[in-house]
Amino acid sequence: MTTSTASFKNRHFPFVTPSPPPPTPLLAPSSAMHNMTDEELFRWASTAPRLDGTPYHRVPKVAFMFLVKGDLPLRPLWEKFFEGHEGLYSIYVHANPSHAGSPPRGSVFHGRTIPSQRTAWGGVSLVEAERRLLANALLDLGNERFALLSESCIPVYNFPTVYAVLTGAGGASFVESIATPARYRPLFAARNNVSVEQWRKGSQWFEADRALAAAAVADGTYFPTFRKNCAGERFCIVDEHYMPTLASVLGWGRRNANRTLTLADWDRERRTGPHPHTHRAEEVTEELIGRIRSGGARGNCTFNDGASGVCFLFARKFAPDTLEPLLRLAPKAMGFG
């Protein structure tokens with residue numbers, strides 16, 4: 001397999017023999033559905049091994065976790081992205097439980113919707129959904145990296161490059177964690193000794209290693225305070241604070257690259273209220289993909305972390321009408337399809 005950027009050499013992934021039965025209930029590969037309650041799910045996930053590199057001989061996988069409202073309008077693009085790389089990834093979809101649609105049989109997304117609950121923008125339910133996705137993904141001991149995505153996200157590199165960056169990150173997680181007093185409340189100090197100096201804000205869209213994913217799922221200390229803080233509030237925006245603050249109070253330090261690998265366009269003249277700019281079909285060009293790869297508005301890539309000089313692997317928000325131009329552009333601009 002080859003990558004779409006000169007900074008990555010060809011990588012070969014050897015066949016491995018099946019692992020012996022692990023002590024936790026692996027979800028069947030063909031379906032992500034199960035009968036566990038949230039309480040049972042989190043208990044099982046909390047007992048799963050936390051560290052990368054479990055004793056079972058297998059190639060590490062990347063868990064792609066899609067937090068969506070309903071349909072996946074860009075699904076055909078992602079299907080092209082995943083094509084030919086079976087065994088190196090897992091897919092989990094958290095959708096509104098009222099959504100009755102289903103990807104067709106044969107799609108890599110078929111049967112990958114987990115038992116879900118309703119979510120509301122800005123509320124604690126979004127973080128509950130994130131933790132639910134992480135818990136389901138942790139039950140598969142092959143998953144060592146965990147990427148949170150939305151229905152408006154696209155990959156800007158091909159699968160081998162994305163895989164090489166995430167699995168070769170040297171254990172670093174990619175959680176944007178910016179020190180700020182914004183939305184901090186004394187409740188966090190009173191209940192958990194979380195000072196305003198430890199309080200963080202950042203992008204909701206993270207890429208984590210297994211240890212941080214497990215810490216978030218097992219967290220019975222800080223998350224209950226976030227839930228109490230947001231009780232009865234519609235615009236708590238807890239999804240911008242929970243993972244960044246958790247990484248801070250747990251002392252992740254150098255184990256966190258302190259940035260996201262998912263780019264959004266927050267240009268004040270292009271954004272819509274509290275949301276980033278939504279790209280439309282007429283904007284999808286090879287130049288746009290190139291700008292995203294080069295750091296977006298930054299115009300350069302100066303990061304010195306586990307991503308080996310790659311600025312961003314994913315980007316959002318892309319409207320449904322971008323699907324056709326993206327499919328036409330993908331072979332040349334992204335290296336797949």
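Q: Which residues are linked with Arg 183 and Glu 240 in a network of salt bridges?
A: Lys 201 joins Arg 183 and Glu 240 in that network. Keep in mind that this is a predicted model.

Q: OK, and how far apart are N and O in the salt bridge of Glu 240 and Arg 183?
A: 3.2 Å, N to O, between those two side chains. Glu 240 sits in the loop between H7 and helix H8 (242-249), and Arg 183 in the loop between strand E5 (178-179) and helix H5 (186-192), so the pair ties together parts 57 residues apart in sequence.

Q: Is Glu 240 buried or exposed?
A: Buried, at 17% relative accessibility, where the cut-off for buried is under 20%. Arg 183 counts as partly exposed, at 37%.

Q: Switching topic: what does Asp 305 form a salt bridge with?
A: Arg 259, with the closest N and O atoms 2.7 Å apart. Asp 305 is in the loop between helix H9 (286-293) and strand E9 (314-316), while Arg 259 is in the loop between H8 and strand E8 (262-264), so parts 46 residues apart in sequence get tied together. Arg 259 is buried, with a relative accessible area of 5%.

Q: And which helices do Glu 128 and Arg 227 lie in?
A: Their side chains meet in a salt bridge at 3.4 Å, N to O. Glu 128 is in helix H3 (residues 124-138) and Arg 227 in helix H7 (residues 223-229), so this pair ties together parts 99 residues apart in sequence. Glu 128 is partly exposed at 22% relative accessible area, and Arg 227 is partly exposed at 38%.

Q: Last one, how many salt bridges does the count come to?
A: Nine.

Notes: Residues are numbered from 1 along each chain as its sequence is written. This is a predicted model: local features need pLDDT of at least 70, side-chain atom pairs count only at pLDDT 80 or more; totals for chains, interfaces and linings use all residues. Side-chain values use heavy atoms; hydrogens and water are left out. A salt bridge is a side-chain nitrogen of Lys or Arg within 4 Å of a carboxyl oxygen of Asp or Glu. Helices (H or I, at least four residues) and strands (E, at least two) are DSSP runs, numbered from the N terminus. Buried means under 20% relative accessible area, exposed over 50%, partly exposed in between (1.4 Å probe, protein chains only).
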